[in-house]
Amino acid sequence: MTMKMAMDTGADALLPGLGDPVIDSQRVFRAVLDAMARPGTLHELPQAVAGSVGAPAPFEAATAAVVLALADQETPVWLDPSADCAAVRQHLRFHCGCPLTGNAAAAVFAVVADPGAMPPLSAFDQGSDEFPDRSTTVIVQVPALTGGAPLELAGPGIRDRVRFAPGGLPAGFRRWVADNHAGFPRGVDLILTSGARLAALPRSTRLEG
Amino acid sequence: MTSAPGYNFAYLDEQTKRMIRRAILKAVAIPGYQVPFGSREMPLPYGWGTGGIQVTAAVIGPEDRLKVIDQGADDTTNAVSIRRFFARTAGVATTERTAAATVIQTRHRIPETPLSEGQILVYQVPIPEPLRWLEPRETETRKMHALADYGAMHVKLYEDIARFGRIATTYDYPVLVNGRYLMRPSPIPKFDNPKMNMNPALQLFGAGREKRIYAVPPYTPVKSLDFEDHPFEIQSWDQACALCGGTDSFLDEVVTDDRGGRIYVCSDTHHCATRRDAVQEAAE
């Protein structure tokens, strides 16, 4: 414990960001773009990125890489209580220079590291009818992207249907996703991460069955 | 992979790329909606593809293979310049083969060769707002999109029918994306409109001067507006391509002399060359 305390406050506790900020950001973005364009499909970070990116606990590689690739001084980031620790705050402040906000409804990006206790999707910025793009992108780190309660997805990016079964999500999650889609064009977009993998659930995706 | 010294990879600075990338992700999540973005000054004038170039610069990576076409042709000034721009500033591989490209930047055409999953088509867009000539105020068109109030566009198409007996719009023909947003497909001929529907590739649109980015994800319904008694139709020609003999591609009319001589040739140069090669091979 004393060791951990020392690391939390010491300058040498700072973990590295992306190994090659220019090329790695591009690769992470393409993985996210691919995921957003094909909702419910699984995408893996390139090995070079997953192996080099620093991930302060409780962040895993994909969570850390996505935030570092997309957040900066223009994007207030909200952290859920489990992610809101000194190591994460310091990491994001140093590598992204992003403001951290305690107000989920004012965040451009939100990071949930404890999905079981996550707030409903309606707690985040939904955008407006005129500017639906001004809504929160919620990054949810889950224990696994497979093996959970299956969701049957349809909509843009999906030819027929896709089965997606992320684990560790609260009982109300299915309802939240359905409501989020019902409010289209307003709504949040989800990026689900686990280890070095990620998938996306944009607001355009509807649930079948 | 070597890029010109003194430039960041793909020309744009990292903060600009992040801003554009965030806009692209929202555009994909809201198919057909125009996301405002902070368009940068580029080393070429507005109207030459600054929007498309910024989208390509934000998307492209060292593993990509880039194809650039201008009105279907790989070898016209705009296409050659943009291809060379990315070869210099990003050191990426380039190609003229549609099937070999991972990113295709286009001005005013969709390639004849069907696109596949994993490919990204980047359109250069002069005017992104489909309602702009009907309602000049941005505040009003934004409200019309919010309410999906697209009656004015139907009236415009109806007035065409009343005046000419048919819908006279032949390019930049308005489409409805996923049944929700009215979208301007950039000035592609309406011949290309059906290719946008349920296309396996990701389609991104960049308007530099107007500072808008929008997108059509793969496998998304894109419907050209029409009426039950005046269904949407694409152009057709009585002539075949004078070079490859094809009858199923979009043809350009080329004046060959000052006595009224003219020929019709494929607008998609790679498509035409591929077919000529195939015909030649069969003959040998």
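These legends accompany several views of a predicted model with chains A and B.

**View 1. Chain A and its fold elements.**
Chain A holds six helices and ten strands. Its radius of gyration is 17 Å, close to the 17 Å that the globule rule gives for 209 residues, so chain A is as compact as a globular protein of that length. The C-alpha trace of chain A spans about 50 × 35 × 30 Å along its principal axes.

Of the 209 residues in chain A, 55% count as buried. The accessible surface of this chain comes to about 8300 Å². Carbon and sulfur atoms account for 54% of that surface.

**View 2. Charged side chains of chain A.**
Chain A carries 16 positive and 21 negative side chains. The centres of the two sets lie 6 Å apart.

**View 3. A:S204 in its loop.**
A:S204 sits in a loop of chain A, between β9 (197-201) and β10 (206-208). A:S204 has a relative accessible area of 4%. The cut-off for buried is under 20%, so A:S204 is buried. Residues up to four places away in sequence are left out of its contact list. In chain A, A:S204 touches A:A154, A:G155, A:P156, A:H181 and A:F184. In chain B, A:S204 touches B:A29 and B:P31.

**View 4. Chain B and its fold elements.**
Seven helices and twelve strands form the secondary structure of chain B. The radius of gyration of chain B is 19 Å, close to the 19 Å from the globule rule for 284 residues, so chain B is as compact as a globular protein of that length. Along its principal axes, the C-alpha trace of chain B spans about 60 × 55 × 35 Å.

The contact between them takes 15 residues from domain 1 of chain B and nine residues from domain 2 of chain B.

In chain B, 55% of the 284 residues count as buried. Chain B exposes about 12100 Å². Carbon and sulfur atoms supply 52% of that area. Among contacts in chain B with a separation of 6 or more, 62% join residues 24 or more positions apart.

**View 5. Charged side chains of chain B.**
Chain B has 33 positive side chains and 35 negative ones. The centres of these two sets are 7 Å apart.

**View 6. B:H270 in helix α7.**
B:H270 belongs to helix α7 of chain B, which covers residues 269-283. The relative accessible area of B:H270 is 16%. Buried means under 20%, so B:H270 is buried.

**View 7. The surroundings of B:H270.**
Neighbours within four places in sequence are set aside here. B:H270 is then in contact with B:K67, B:D74, B:E96, B:R97, B:T98 and B:T113. B:G72 is 198 residues away from B:H270 along the chain. The C-alpha atoms of B:H270 and B:G72 are separated by 8.2 Å.

Methods. Residues are numbered from 1 along each chain as its sequence is written. Chains are lettered from A and ligands numbered from 1 in the order in which they are written. This is a predicted model: local features need pLDDT of at least 70, side-chain atom pairs count only at pLDDT 80 or more; totals for chains, interfaces and linings use all residues. Side-chain values use heavy atoms; hydrogens and water are left out. Helices (H or I, at least four residues) and strands (E, at least two) are DSSP runs, numbered from the N terminus. The radius of gyration is taken over C-alpha atoms; the globule rule is 2.2 Å times the number of residues to the power 0.38. Buried means under 20% relative accessible area, exposed over 50%, partly exposed in between (1.4 Å probe, protein chains only). Accessible areas come from the Shrake-Rupley method with a 1.4 Å probe; for residues, only the protein chains shown count as cover. Lys and Arg count as positive and Asp and Glu as negative; His and the chain ends are not counted. The place of a charge is taken as NZ of Lys, CZ of Arg, CG of Asp or CD of Glu. Contact means heavy atoms within 4.5 Å.
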